[in-house]
Amino acid sequence: MVFAKRQNKCSGFRAYVILGDGELQEGQIWESLPLAANERMSEIVVIIDANKYQSDRSVAATLDLGD
């Protein structure tokens, strides 16, 4: 979305991404971060739902993320 909006010269665009703390254990999330950083995608706003649960159990029971 960010690339498309930039190509179409849309200003004031924001892409909101909602992530759960359990989802942050997935590799694909961390693989996408370098691209967003290298492209300086300041249009992306990330909201993290830190409810300490993932799909079937607590985050701490799978891989504790700490503070």
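Q: How many of the 67 residues of the chain count as buried, as a percentage?
A: Of the 67 residues, 19% count as buried, that is, under 20% relative accessible area with a 1.4 Å probe and protein chains only. This is a predicted model, in which local features need pLDDT of at least 70, side-chain atom pairs count only at pLDDT 80 or more, and totals for chains, interfaces and linings use all residues. Residues are numbered from 1 along each chain as its sequence is written, and side-chain values use heavy atoms, with hydrogens and water left out.

Q: What pattern does the chain follow along the sequence?
A: The pattern is α-β-α-β-α. Helices (H or I, at least four residues) and strands (E, at least two) are DSSP runs, numbered from the N terminus.

Q: Why is the chain described as more spread out than a compact globule?
A: Its radius of gyration is 15 Å, well over the 11 Å that the globule rule gives for 67 residues, so the chain is more spread out than a compact globule. The radius is taken over C-alpha atoms, and the rule is 2.2 Å times the number of residues to the power 0.38.

Q: And how do β1 and β2 pair?
A: They pair in the parallel sense over six bridges; pairing requires that DSSP finds at least two bridges between two strands. A15 has I44 in β2 as its bridge partner.

Q: Changing topic, which element gives the most to the lining of the largest pocket?
A: That is α2, with six residues.

Key. Buried means under 20% relative accessible area, exposed over 50%, partly exposed in between (1.4 Å probe, protein chains only).
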